[in-house]
Amino acid sequence: MSQYLKTFLEHTLLKYLSDNRYSSLTNSELNSLASDIIELSNLFTKERKILPPQYLNNKRLRRAYILYFLPSNIYKIHLPLKELSLHPKKILSKKELKILDLGSGPGTTILGILDFFSNQKKKPSLEFTAIDSVAENLSITKDLFKLYIENINIDASLKTFKINVEKAGAIPQDTYDIIILSNILNELFYNDEKKNAERVSFLNTIIDKFLTPDGSCIIIEPALRETTREMLEIRDSLVKNGFKIHSPCLIDDPCPALSNPKDWCHEDIPWIPPVIIKEIDKLTGLRKDSLKFSYLVLRKDKLSLTDVLEKNSCRIVSEPLISKGKLEFYICGHGGRQLITRLDKDETPSNIQFQKLQRGDIVTFEALIDKGKRLKVGKNTVVKRQFLSLKKA
Ligand SMILES: C[S@@+](CC[C@H](N)C(=O)[O-])C[C@H]1O[C@@H](n2cnc3c(N)ncnc32)[C@H](O)[C@@H]1O
């Protein structure tokens, strides 16, 4: 985390939300904030079915969102952007990038993108368009944008529109290099019996009408099983319709996680939360000690992260599974979703990287032992992790 963003999250945000009165909360303020956060967290998880359509119209819930969910959501955009910037076609190196943020909320992803590019040597000029159905979110987006760019050296502008994005025809006609849908896809067409078919048709329209031919559509979703499986079903439909997944998938086959109703695929990035989040976690019993999310990057031009990877690269799609005498992971690649095992007694310098693997890592194996359903890392297997710095928050 850059020092600037750390200060922004720990002080500027609090000061802004308390009308510049203080930069820390009293105990009673902290307690009532904690109960609002529990209410919102329940609505996002076990009470999702009763999440009201315009929940961020509620001042208490909006404040809870900004103080608890915005800080962690800010970083989630960094991983897809880092993966896009690895491509030799220099996908993000244009002089000017036009960015459309659908369901911008309080401007979370816009702040994340500003943070990403302000730490790059070559900074494009950034032209943001934020759309949300809640007017108050948009005025907060404008305020936070202004506060954030005050002290960074970046050329950026912002337009906002209060629109229900489900009516794609209402979105201002233009084309964008990046279209973001961060934590909104699962809220669209929610009460529709064929909600996923509606979402696929919505994405087809958005990408067709508003994405430049060399643009990227980035979808970020909560790491919950239900919302992620819905996103993966949408992924399969879009691939069938001819879209290329730039990342995280390294294969174009139907998603192997969908064949077992218990499986889903998500990222998990370690981070150090701001002090206020640690305090709230102590009061609520919630845990925001890492960044969990699912994502998809779609392109029309078929460029993909696989263009820069060695053939047969695969993703780690589970936590390390540690049991007596062995270490295992699930990997996803050309063989589908497979379990891979290394017995502790087979540890050698050539496979030592195996025990350093983390969910989301990209890895290649040489001289792997294929035992049908299971793959085995033997003494002679060479394990190589790729792009190690990608997962730093
Ligand atoms: C969970 S918040 C996500 C905010 C932000 N993108 C983030 O990742 O932190 C979802 C946002 O989508 C907006 N939203 C939901 N349905 C919408 C719709 N049909 N049209 C426009 N905005 C919508 C909500 O008002 C809310 O601000």
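User: How many of the eight residues of strand E11 are buried?
Analyst: Six of the eight residues of strand E11 (residues 326–333) are buried, so E11 is largely enclosed by the rest of the structure. Buried means that 20 or more other C-beta atoms lie within 10 Å of the residue's own, with exposed set at 12 or fewer, partly exposed in between, and C-beta atoms placed from the backbone. Strands (E, at least two residues) and helices (H or I, at least four) are DSSP runs, numbered from the N terminus.

User: Before going on, what kind of model is this?
Analyst: This is a predicted model, in which local features need pLDDT of at least 70 and side-chain atom pairs count only at pLDDT 80 or more, while totals for chains, interfaces and linings use all residues. Residue numbers start from 1 along each chain, as its sequence is written.

User: Back to E11, then: in which sense does it pair with strand E12, and over how many bridges?
Analyst: E11 and E12 (residues 336–343) pair in the antiparallel sense over eight bridges, where pairing requires that DSSP finds at least two bridges between two strands. Lys 326 has Leu 343 in E12 as its bridge partner, and a hairpin of two residues joins E11 to E12.

User: And how many bridges join strand E10 to E11?
Analyst: Three bridges join E10 (residues 321–323) to E11, and the two run antiparallel, with Ile 322 standing opposite Leu 327 in E11. In the hairpin of E10 and E11, which has two residues between the strands, Gly 325 takes a positive phi near 80°. Strand E9 (residues 314–316) also runs antiparallel to E11, joined by two bridges, and Ile 316 has Ile 331 in E11 as its bridge partner.

User: Switching to E5, why is that strand largely enclosed?
Analyst: Nine of the 12 residues of E5 (residues 211–222) are buried, so the strand is largely enclosed by the rest of the structure.

User: Which unit do E4, helix H7 and E5 make?
Analyst: E4, H7 (residues 195–210) and E5 make a right-handed β-α-β unit; right-handed here means that, with the strands pointing away from the viewer, the path from the first strand over the helix to the second runs clockwise. E4 (residues 176–182) and E5 pair in the parallel sense over six bridges, and Ser 182 has Ile 220 in E5 as its bridge partner. With strand E8 (residues 290–299), by contrast, E5 pairs in the antiparallel sense over seven bridges, and there Ile 218 has Val 297 in E8 as its bridge partner.

User: OK, the ligand: which residues are closest?
Analyst: Of the 20 residues that surround the ligand, the closest are Gly 103, Gly 105, Thr 108, Ser 133 and Ser 182, a residue being near if its C-beta atom, placed from the backbone, lies within 6 Å. The elements that give two or more residues to this shell are helix H3 (59–76) and helix H5 (108–118).

User: How buried is H5?
Analyst: 10 of the 11 residues of H5 are buried, so this helix is largely enclosed by the rest of the structure; Thr 108 is among those buried residues.

User: Last one: what domains does the assignment give?
Analyst: The protein chain is assigned domain 1 (3–307) and domain 2 (309–391), with bounds that come from an automatic or database domain assignment. Taken over C-alpha atoms, the centres of domain 1 and domain 2 are separated by 30 Å.
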